[in-house]
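Please find below a note on the model under review. It is arranged as numbered points for reading beside the coordinates.

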Amino acid sequence: QFDATDIALLFKNSLVEINIQNPVLSPTNISAEWKYMGENKQKTLIIVRYPGEVHLPAKQLSFLTKLLAACKLTIADVAILNFQHYTSSDFDRIIDHFKPKVVLLFNVEPGEFGMPMIFPQFQAQRYKEAVFVSSPPLEVIEPDKTLKGNLWVCLKKIFNL
């Protein structure tokens, strides 16, 4: 089950709702500088890498939405940033703009992201007032029970589930 916010985010360019009382989504989160999905309400930044995509493919978005739901989060609670459009030199600007409490790196190594450290996948690492987790790509995690289990153990600790 998707809530109205998730549906609006998924179909922002093709979905029309009549009788909108409170607009759910505005184009303000897509600017020339920052192209991201979500509203970042819970200060959770999700970094992915998908060449040729603005954000991420629909199949990976569906899996990510299920992961977020298990963590009691929605797309509105996070900001999804495709790192394909940025470089490691953007690290401080990204952190300053989004002010994350949690950063999930999918298919982006900490050093590539601009962090001055390397740490194993699925290990929560504190840095700059946030908890960082490095992980394989979503399409690698989804079919692999062991990787899903490793990610879930880490997410349970981070989100106190």
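The points below take up a strand, its partners, a helix and a cavity.

1. Basis of the note. This is a predicted model, in which local features need pLDDT of at least 70 and side-chain atom pairs count only at pLDDT 80 or more, while totals for chains, interfaces and linings use all residues. Residues are numbered from 1 along each chain as its sequence is written, and side-chain values use heavy atoms, with hydrogens and water left out.

2. Strand S3. Helices (H or I, at least four residues) and strands (E, at least two) are DSSP runs, numbered from the N terminus. Strand S3 covers residues 78–82, and because five of its five residues are buried, it is largely enclosed by the rest of the structure. Buried here means under 20% relative accessible area, with a 1.4 Å probe and protein chains only. In a regular strand the side chains alternate between the two faces of the sheet. In S3, Val78, Ile80 and Asn82 point one way, and Ala79 and Leu81 point the other way.

3. Partners of S3. Two strands pair if DSSP finds at least two bridges between them. Strand S1 (residues 36–37) pairs with S3 in the antiparallel sense over two bridges, and methionine 37 stands opposite isoleucine 80. Strand S2 (residues 44–48) pairs with S3 in the parallel sense over five bridges; valine 48 has asparagine 82 as its bridge partner. From S2 the chain passes through H2 to S3 in a right-handed β-α-β crossover. Right-handed means that, with the strands pointing away from the viewer, the path from the first strand over the helix to the second runs clockwise.

4. Helix H2. This helix (residues 58–70) has 13 residues and reaches 18 Å from its first C-alpha to its last, close to the 18 Å expected at 1.5 Å a residue. The expected span is 1.5 Å times one less than the number of residues. Its buried residues include Phe63, Leu64, Leu67 and Leu68. Lysine 72, which follows H2, has a positive phi near 65°.

5. The cavity. The structure holds one cavity of 30 Å³ or more, and the largest cavity has a volume of about 40 Å³. A cavity is a set of points on a 1 Å grid where a 1.4 Å probe fits but cannot get out, and lining residues have an atom within 4 Å of a point. Leu64, Leu67, Leu68, Cys71, Leu104, Phe106, Leu155 and Phe159 form the lining. H2 and strand S4 (102–106) each give two or more residues to this lining, and H2 supplies the largest share, three residues.

Methods. Buried means under 20% relative accessible area, exposed over 50%, partly exposed in between (1.4 Å probe, protein chains only). On a 1 Å grid over the protein atoms alone, a cavity is a set of points where a 1.4 Å probe fits but cannot get out, and a pocket is an open set with protein on both sides within 12 Å along at least five of seven lines; lining residues have an atom within 4 Å of a point. Grid points are joined across faces, edges and corners, and a volume is the space filled by probe spheres set on the points.
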